[in-house]
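Biologist: Please bring up the model, and let's go through it one question at a time.

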Amino acid sequence: MPWLPEQFSPKYVAELSKHRPSPLAAVPFFDGVTSGEVDALVGSFAGEPELHHPVRGRVKGRDAFRRFIETMSEELRAGACTVEDVDLVVTPHRTVEEVVLRYDARQGRVELPVAIVTERSDAGLHELRMYFSTWPITGSHANRPPLLQPDEAATESGVVGDYQRALAAGDVEATVAAFEPDATVREPAGGQYVHRGEQELRALFTSFFSNGGGIPLEHCTVTDDGRACALEYNVVRWGVTDLPPEAGVAVYVRGESGLLSAARIYDDSNPPLSA
C-alpha cells in the first residue's frame with residue numbers, strides 16, 4: 001500500500017474508506033493509479049519518483065513518472081480493470097502488496113497476478129519494484145534482468161528457509177513436506193496454474209526438478225512480518241541449465257501449523273524444456 005493518504009483529496013480517501021473498512025495506512029497502488037490524482041502519487045515520494053516495471057523498465061523522475069501513471073490509468077480504465085486484493089506484507093521500511101488485475105485486452109479478459117515492493121521511510125516513498133509474468137498477456141516469457149544484487153544477509157527463518165534449501169537441492173519430498181496438506185502454490189501466470197494439496201504439489205515439484213536438479217536462487221531481500229515472508233531473488237539456474245539472471249519475488253504464507261499454507265511466485269522465468 002504505497003501512496004501516502006495525506007497527499008490525496010479528503011473526498012477520495014473517504015470514498016476509498018467505504019470499501020476498505022480497516023484503517024488506511026496508505027492508498028493501495030492501483031487504487032491510487034485509477035484515482036486520477038497524479039499530483040498525490042508524485043507527492044508520496046520523498047525525492048524523485050522511481051519505479052521498476054517488468055516491461056517498461058526503470059521509470060525515474062517526476063515528468064517520466066507522471067506520464068507513465070497517466071498512461072497506465074487510461075489503459076486500466078479502458079480495459080474495465082478490476083483489482084482483487086490478495087495480501088500485504090508490511091515491515092518498518094518495506095511493503096509487499098499483492099493483487100490480481102482483471103481487464104479486457106485484444107485477446108480477451110486477462111487475469112494478471114502482480115506484486116509491488118515499496119521501499120519507504122518516514123519521509124515518504126523511495127522506490128517501487130513491480131513484478132509480474134508476461135505470459136498471461138503475450139503467451140510468452142520475457143527475460144527480466146536483475147534489479148537487485150545478492151545479499152548474504154538475506155536469509156529466511158524456519159519453514160521458509162527449509163523450503164528454499166529443498167528447492168535448491170531438488171528434493172521433492174522435502175519440498176512438499178514444507179507445506180500443509182491443503183496448501184496452494186500459484187505459478188506466476190495464475191489462473192489455471194494454481195496447485196493444491198500434497199498430490200498436486202508433488203507432481204509440480206517433480207516436474208520442476210526433472211531437468212537434473214533443483215532451482216537455487218540468489219537471495220536479495222527478505223520482507224517478513226512473522227505471518228508471511230516475501231523473498232526478492234534472481235533465478236540463475238534451473239537443474240543443470242544455467243539461465244540468464246532474472247528478477248523475481250515470491251510470497252510464502254505460514255499456516256497455523258507452522259508449515260506453509262501458500263506460496264505465490266512472481267517472475268517470468270522460462271523453464272528448460274525437460275522441466
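Biologist: Which residues does phenylalanine 179 touch, not counting residues up to four places away in sequence?

Modeller: This is a predicted model, where local features need pLDDT of at least 70, side-chain atom pairs count only at pLDDT 80 or more, and totals for chains, interfaces and linings use all residues. Residues are numbered from 1 along each chain as its sequence is written, and side-chain values use heavy atoms, with hydrogens and water left out. Contact here means heavy atoms within 4.5 Å. Setting aside residues up to four places away in sequence, the residues touched by phenylalanine 179 are Tyr163, Thr184, Val185, Leu201, Phe205, Leu259, Leu260 and Ala263.

Biologist: Which residues have the most contacts inside the largest nonpolar core?

Modeller: A nonpolar core is a set of buried Ala, Val, Leu, Ile, Met, Phe, Trp, Tyr and Cys residues joined through side-chain atoms within 4.5 Å. Buried means under 20% relative accessible area, exposed over 50%, and partly exposed in between, with a 1.4 Å probe and protein chains only. The largest such core has 28 residues, and those with the most contacts inside it are Tyr163, Phe179, Val185, Phe205 and Tyr252.

Biologist: And which element gives the largest share of this core?

Modeller: Helices (H or I, at least four residues) and strands (E, at least two) are DSSP runs, numbered from the N terminus. Elements giving two or more residues include helix 6 (158-169), strand 7 (179-186), helix 8 (197-208) and strand 11 (241-254). The largest share, five residues, comes from strand 10.

Biologist: How many residues are in the second, separate core?

Modeller: Val99, Val110, Met130 and Phe132 are among its members. This separate core has 25 residues.

Biologist: Back to strand 10: is leucine 231 buried or exposed?

Modeller: Leucine 231 is placed in strand 10. Its contacts, leaving aside neighbours within four places in sequence, include Glu156, Gln164, Val222 and Ala250. Leucine 231 and alanine 250 are 19 residues apart in sequence, and 5.4 Å apart in space from C-alpha to C-alpha. Because its relative accessibility is 0%, leucine 231 counts as buried.

Biologist: Which residue in the turn between strand 9 and strand 10 has a positive phi?

Modeller: Two strands pair if DSSP finds at least two bridges between them. Strand 9 (residues 217-224) and strand 10 run antiparallel and are joined by seven bridges, and histidine 219 has tyrosine 233 as its bridge partner in strand 10. The two strands form a hairpin with three residues between them, and the turn residue with a positive phi, about 95 degrees, is glycine 226.

Biologist: How do the rings of phenylalanine 208 and tryptophan 238 pair, and what is the name for it?

Modeller: Rings of Phe, Tyr and Trp (its six-membered ring) pair if their centres lie within 6.5 Å; planes under 30 degrees apart count as stacked, over 60 as edge-to-face and the rest as tilted. By this rule there are nine aromatic pairs. One is tyrosine 163 with tyrosine 252, tilted, at 5.3 Å centre to centre and 55 degrees between the planes. For phenylalanine 208 and tryptophan 238 the centres are 5.6 Å apart and the planes are at 90 degrees, so the pair is edge-to-face.

Biologist: How many residues apart in sequence are the parts tied together by that pair?

Modeller: Tryptophan 238 is buried, at a relative accessible area of 7%, and phenylalanine 208 counts as buried at 10% relative accessibility. Phenylalanine 208 lies in helix 8 and tryptophan 238 in strand 10, so the separation in sequence of the parts they tie together is 30 residues.

Biologist: In the open sheet of six strands, what is the strand order?

Modeller: Within this sheet the pairing is mixed. The order is 2-1-6-5-4-3.

Biologist: Which strands stand at the edges of the sheet, and why is one side of each left without a neighbour?

Modeller: Each edge strand has a single partner strand, so one side is left without a neighbour in the sheet. The edge strands are strand 2 (57-60) and strand 3 (82-91).

Biologist: Where does alanine 80 lie?

Modeller: Phi of alanine 80 is near 50 degrees, a positive value in a residue other than glycine. Alanine 80 counts as partly exposed because its relative accessible area is 41%. Its place is the loop between helix 4 (62-78) and strand 3.
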